[in-house]
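This briefing covers pockets and aromatic contacts. It is written for a reader new to the structure.

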Amino acid sequence: MPIKRFSWILAYLHLNNNSLQSRRDENFDKLYKVHPLISHLSNRYESIFRPGTCQAIDESMIKFKGRSSLKQYISKMPIKGGYKIWMCCDESVFACQFKIFIGKVEDVEKNLGERVLKSLSEKLWKKP
């Protein structure tokens, strides 16, 4: 894709209204600008795909070398730096649900894995 076309798309593509964004000192959402796209993709994945009985919930890294407050560094991963995403995948390796890790919610967050596991598997328990 030519750089001019990419710049044009980047300038005119807006997914959320910037004037309604909360200030940083209040309940600030780091993913505010792309939140509608993320929620739409997650809802579509759930509505289209009927997962099987075997599910896996794990973290995944999307490689990113730029500057971002969402970027994580985990030395024991094959991809050491990038965006950390919690994914619920089927045995066919299709992502049924996903959540982007935005950082600490509190000073010290206990039972992070348990909280993510419960939130991603909640809809599986409710399905008949």
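A pocket is an open set of grid points with protein on both sides within 12 Å along at least five of seven lines. The model described here is predicted. Its second largest pocket has a volume of about 370 Å³, and its largest pocket one of about 570 Å³. The structure also holds four aromatic pairs.

**Largest pocket**

- The largest pocket, with a volume of about 570 Å³, is lined by 24 residues, of which His35, Phe98, Lys99, Ile100 and Ser119 are the closest to its centre.
- Helix H2 (35-48), strand E4 (95-100) and helix H3 (112-126) are the elements that give two or more residues to this lining.
- H3 provides the largest share of the lining, with seven residues.
- By residue type, the lining of the largest pocket has eleven nonpolar, seven polar and six charged residues.

**Second largest pocket**

- The second largest pocket, at about 370 Å³, is lined by 17 residues, and the closest to its centre are Lys30, Leu31, Ser68, Ser69 and Leu70.
- The lining of the second largest pocket divides into ten nonpolar, three polar and four charged residues.

**Aromatic pair of Tyr45 and Phe98**

- Among the four aromatic pairs is that of Tyr45 and Phe98, which counts as tilted because the ring planes stand at 55°, with the centres 6.0 Å apart.
- This pair links distant parts of the chain, as Tyr45 is in helix H2 and Phe98 is in strand E4, 53 residues apart.
- Tyr45 has a relative accessible area of 27%, so Tyr45 is partly exposed.
- Phe98 has a relative accessible area of 15%, so Phe98 is buried.
- Ring pairs also join Tyr45, Phe94 and Phe98 into a cluster.

**Aromatic pair of Phe64 and Tyr83**

- Phe64 and Tyr83 form a stacked pair, with 4.9 Å from centre to centre and 20° between the planes.
- Distant parts of the chain are linked here too: Phe64 lies in the loop between strand E1 (55-63) and strand E2 (71-73), and Tyr83 in strand E3 (residues 81-90), 19 residues apart.
- Phe64 is partly exposed, with a relative accessibility of 28%.
- Tyr83 is also partly exposed, with a relative accessible area of 22%.

**Charge over a ring**

- Lys84 has its charged end over the ring of Phe101, 4.7 Å from the centre of that ring.

Conventions
Residues are numbered from 1 along each chain as its sequence is written. This is a predicted model: local features need pLDDT of at least 70, side-chain atom pairs count only at pLDDT 80 or more; totals for chains, interfaces and linings use all residues. Side-chain values use heavy atoms; hydrogens and water are left out. On a 1 Å grid over the protein atoms alone, a cavity is a set of points where a 1.4 Å probe fits but cannot get out, and a pocket is an open set with protein on both sides within 12 Å along at least five of seven lines; lining residues have an atom within 4 Å of a point. Grid points are joined across faces, edges and corners, and a volume is the space filled by probe spheres set on the points. Helices (H or I, at least four residues) and strands (E, at least two) are DSSP runs, numbered from the N terminus. Ala, Val, Leu, Ile, Met, Phe, Trp, Tyr, Cys and Pro count as nonpolar, Asp, Glu, Lys and Arg as charged, and the others, Gly among them, as polar. Rings of Phe, Tyr and Trp (its six-membered ring) pair if their centres lie within 6.5 Å; planes under 30 degrees apart count as stacked, over 60 as edge-to-face and the rest as tilted. Buried means under 20% relative accessible area, exposed over 50%, partly exposed in between (1.4 Å probe, protein chains only). A charge sits over a ring if NZ of Lys or CZ of Arg is within 6 Å of the ring centre and within 35 degrees of the ring normal.
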